[in-house]
Amino acid sequence: QTFEKLLIANRGEIACRVIKTCKKMGIKTVAIHSDVDANAVHVKMADEAVCVGPAPTSKSYLNMDAIMEVIRKTRAQAVSLNVSICCSFLSSLSLQASEGVTFIGPDTHAIQAMGDKIESKLLAKNAKVNTIPGFDGVVKDADEAVRIAREIGYPVMIKASAGGGGKGMRIAWDDEETREGFRFSSQEAASSFGDDRLLIEKFIDNPRHIEIQVCTIIIIAVLADKHGNALWLNERECSIQRRNQKVVEEAPSTFLDPETRRAMGEQAVALAKAVKYSSAGTVEFLVDSSKNFYFLEMNTRLQVEHPVTECITGLDLVQEMIRVAKGYPLRHKQADIPINGWAVECRVYAEDPYKSFGLPSIGKLSQYQEPLHVPSVRVDSGIQQGSDISIYYDPMISKLITYGSNRAEALKRMEEALDNYVIRGVAHNISLLREVIVHPRFVQGDISTKFLPEVYPDGFKGHKLTDLERRQLLATTASLYVAEQLRSQRFLGTPRIPIAKSKRSSWELSVHLGDGIYPVAVSKHGSSFSVEVDGMKLNVTSEWNLASPLLSVTIDGTQRTIQRISRNASGETSIQFLGTVYKLQILTKVAAELSKYMPEKAAEDTSSILRSPMPGTVVAVSVKPGDMV
């Protein structure tokens with residue numbers, strides 16, 4: 001027996017995730033939504049749904065007055081609030097408690113203590129948890145920031161005390177960068193969290209970012225009596241990041257040995273007990289190359305990457321949170337928590353990975369198909385075909401998780417899942433994710449938070465084809481072109497023009513890829529094509545289901561899954577191959593010879609145009625007419 005009705009004060013994939021467990025437990029759910037989210041997936045999944053305001057989060061999903069009114073109106077017994085909680089929420093949570101509404105999560109004391117990086121660091125020190133050297137107070141101004149940075153020693157990390165998600169963080173290597181970092185971090189912190197307080201720590205060079213999942217039950221007040229049980233649920237490796245935000249996560253970590261894992265777990269539990277924590281949460285550590293580890297922060301919520309922990313332990317963390325909130329003791333002991341197999345999670349974003357490893361993209365998902373037919377794949381998403389990716393919310397499309405008996409198996413399944421993921425209508429980061437998981441350094445476990453800038457110092461450019469892969473792409477594209485030409489000659493299985501000659505069996509084509517133009521000869525043998533490229537013959541076979549967004553092709557015994565993104569009447573086509581989209585042009589030999597007479601379209605003159613690289617709000621214009629620039 002837990003709750004009859006639970007209100008979920010969130011949106012997207014995490015709201016859908018909570019609803020799934022509630023359905024399993026027989027709990028009715030209430031969803032809240034903004035006016036632009038009226039047709040969102042989480043709204044359709046819930047038993048009830050109430051609009052709480054317009055699109056901006058401050059006026060809807062973070063509007064606690066409106067949320068409290070919905071709680072009263074729907075008579076929800078519990079509320080799951082999994083957003084970044086600011087101080088104004090804490091009084092509301094206390095009010096909920098006084099009205100008999102249970103919060104699914106820790107109490108307000110733990111949220112306030114761990115939500116403030118300055119206070120959480122002091123608590124961690126008192127609990128004998130390793131912390132990063134730095135200044136433990138609030139930095140008053142830029143001059144004090146420079147003085148503190150010099151005392152600590154460069155490089156330093158400037159952080160928002162109330163921050164999270166990489167916001168309000170800057171690395172400074174000298175006095176000038178410290179002054180600039182103080183200004184930008186305080187502005188961003190005030191804008192994002194309503195709190196411009198900053199702290200300064202020593203920057204740990206070449207670190208790994210490792211989280212320890214903790215699940216404690218010290219139930220207070222409305223929740224229940226105190227039980228004092230606490231568990232650590234192994235670690236998650238989160239070192240692949242861009243702009244201090246995680247991109248790829250896995251569990252367990254390739255880096256930790258049992259002794260370090262146990263030491264980190266025990267410190268995580270010590271901190272949870274010190275703050276009287278009572279729910280699922282994560283304690284984050286930075287680990288250097290010598291396996292020294294330092295407390296980073298504690299997240300008092302169910303985090304984005306929790307599925308990898310669920311995969312290797314077999315626990316449903318949402319169910320555990322609901323049971324804890326109701327006052328039940330934990331059902332497990334530390335010895336019961338296993339590491340079974342390996343799990344990897346990729347965060348699939350509507351982002352352009354060719355711009356700073358991912359700048360947001362907006363638009364409507366014109367076609368969307370999750371790779372759930374691939375074995376041992378889990379997709380946590382809150383969108384569907386036709387959903388809008390807007391400027392108002394995080395551009396995450398889904399969390400793609402694969403599981404295997406070992407790391408190699410989990411990574412191989414992730415590679416297959418990424419190839420089989422169909423996303424149309426917005427830019428996405430599938431190409432970057434696929435390149436990361438097959439990169440030799442990642443496969444060997446040689447990773448740190450500097451992985452992306454070190455591997456791609458000039459920015460991400462997509463997959464670089466080997467000669468064999470280039471021939472495979474050319475042969476596949478030419479075969480696809482011929483298969484389409486043959487299909488267009490028939491209607492309902494019979495020739496369109498009965499008197500036309502049929503049984504053509506060979507084609508001479510010219511394929512333009514990148515800076516090269518390649519002659520390609522194709523001959524048909526049953527359902528297979530023999531393709532000659534660079535003087536070498538390749539055998540290409542497939543079912544040639546041209547209506548499917550996915551096409552499984554076998555090239556000389558090697559299976560590849562490709563996607564044709566677009567095509568037009570001039571022979572131009574875009575093919576997603578090995579995760580990256582390549583632009584090609586296929587012409588017959590005659591058309592290729594005549595194409596040199598076609599005038600080239602002049603490139604657009606953009607010298608007088610200033611274009612934003614991403615959607616957003618203009619917050620400052622630092623020039624005026626007459627200024628020299």
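**View 1. Arg-183 and the ring of Phe-184.** In this predicted model, where local features need pLDDT of at least 70, side-chain atom pairs count only at pLDDT 80 or more, and totals for chains, interfaces and linings use all residues, the charged end of Arg-183 sits over the ring of Phe-184, 4.5 Å from the ring centre. A charge sits over a ring if NZ of Lys or CZ of Arg is within 6 Å of the ring centre and within 35 degrees of the ring normal. Residues are numbered from 1 along each chain as its sequence is written, and side-chain values use heavy atoms, with hydrogens and water left out.

**View 2. Arg-407 and the ring of Phe-442.** Arg-407 lies over the face of Phe-442. The distance to the ring centre is 4.8 Å.

**View 3. The ring pair Tyr-354 and Phe-460.** Rings of Phe, Tyr and Trp (its six-membered ring) pair if their centres lie within 6.5 Å; planes under 30 degrees apart count as stacked, over 60 as edge-to-face and the rest as tilted. This rule gives nine aromatic pairs. Tyr-354 and Phe-460 are stacked, because their ring centres are 5.3 Å apart and their planes stand at 25 degrees. The two residues are 106 residues apart in the chain: Tyr-354 is in the loop between strand 16 (351-352) and strand 17 (359-360), and Phe-460 is in the loop between helix 15 (451-455) and helix 16 (467-488). Helices (H or I, at least four residues) and strands (E, at least two) are DSSP runs, numbered from the N terminus. Tyr-354 is partly exposed, at 39% relative accessible area, whereas Phe-460 is buried, at 2%. Buried means under 20% relative accessible area, exposed over 50%, and partly exposed in between (1.4 Å probe, protein chains only). Ring pairs join Tyr-354 and Phe-460 with Phe-357 and Tyr-456 in a cluster.

**View 4. The ring pair Phe-529 and Trp-544.** The ring centres of Phe-529 and Trp-544 are 5.4 Å apart and the planes stand at 75 degrees, so the pair is edge-to-face. Phe-529 belongs to strand 28 (residues 528-533), and Trp-544 lies in the loop between strand 29 (536-542) and strand 30 (551-555), 15 residues apart. Phe-529 is buried, with 2% relative accessibility, and Trp-544 is also buried, with a relative accessible area of 14%.

**View 5. Contacts of helix 1 and helix 11.** Residues of helix 1, including Arg-17, Val-18 and Met-25, meet residues of helix 11, including Leu-317, Ile-322 and Arg-323. Contact means heavy atoms within 4.5 Å.
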